[in-house]
Amino acid sequence: MVERIMTEIIGYDKDDLVWDENEGHEYLTLNQILGQVMEKNKTELNGTMPFLRVEYESGLWGVIFEVGNHPEKERQWVVHGITKGYA
């Protein structure tokens, strides 16, 4: 689950997503992000998997998730990298 305010999506505009809200925090799971992107772009994708990179940063650490760039793991999110520290 990622919070909207701390998330960037490479390959798609996060403002086009419908975010769940609880106590003022907007969030989605990675699979909800993928599902909405696929649903909104059915014609363009024509059944193919989109490439998405989700960068989630919180303070001094972060995680980079990817989907669609690993054919053997077609619908599986992969941790592409972990960031730590302050630059």
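**Entry 1: Glu-66**

I started with the side chains of Glu-66 and His-80, which make a polar contact of 3.5 Å. By polar contact I mean a pair of N or O atoms within 3.5 Å; within protein, one must be able to donate a hydrogen and the other to accept it, and residues adjacent in sequence count only if both atoms are side-chain atoms. This is a predicted model, so I note that local features need pLDDT of at least 70 and side-chain atom pairs count only at pLDDT 80 or more, while totals for chains, interfaces and linings use all residues. Residues are numbered from 1 along each chain as its sequence is written, and side-chain values use heavy atoms, with hydrogens and water left out.

I then found a polar contact of 2.3 Å between the side chains of Glu-66 and Arg-53. Glu-66 sits in strand 6 (residues 61-67); helices (H or I, at least four residues) and strands (E, at least two) are DSSP runs, numbered from the N terminus.

Is Glu-66 buried or exposed? Glu-66 counts as buried because its relative accessible area is 0%; buried means under 20%, exposed over 50%, partly exposed in between (1.4 Å probe, protein chains only). Not counting residues up to four places away in sequence, I see Glu-66 touching Phe-51, Leu-52, Arg-53, Gln-76, Trp-77, Val-78 and His-80, where contact means heavy atoms within 4.5 Å.

**Entry 2: the core**

Next I looked up the largest nonpolar core, which has 20 residues. Such a core is a set of buried Ala, Val, Leu, Ile, Met, Phe, Trp, Tyr and Cys residues joined through side-chain atoms within 4.5 Å. Among the members that touch the most others are Ile-9, Leu-52 and Trp-77. Helix 1 gives the most to this core, with five residues. With neighbours within four places in sequence left aside, Ile-9 contacts Lys-14, Leu-17, Ile-33, Leu-52, Arg-53 and Val-54.

I traced an open sheet of three strands in the order 1-4-3, with antiparallel pairing; two strands pair if DSSP finds at least two bridges between them. Strand 1 (2-3) and strand 3 (20-22) are the edge strands, each pairing on one side only. Helix 1 (residues 30-40) packs on the sheet and touches strand 1, strand 3 and strand 4. Strand 3 and strand 4 (residues 25-28) are joined by three bridges, and Asn-22 stands opposite His-25 in strand 4.

My last stop was Gly-35, in helix 1. Gly-35 counts as partly exposed because its relative accessibility is 37%. From Gly-35 to His-25 I noted ten residues in sequence and 20 Å in space, C-alpha to C-alpha.

Methods. Axes fitted to C-alpha atoms, helices over the stretch in contact; angles between N-to-C directions.
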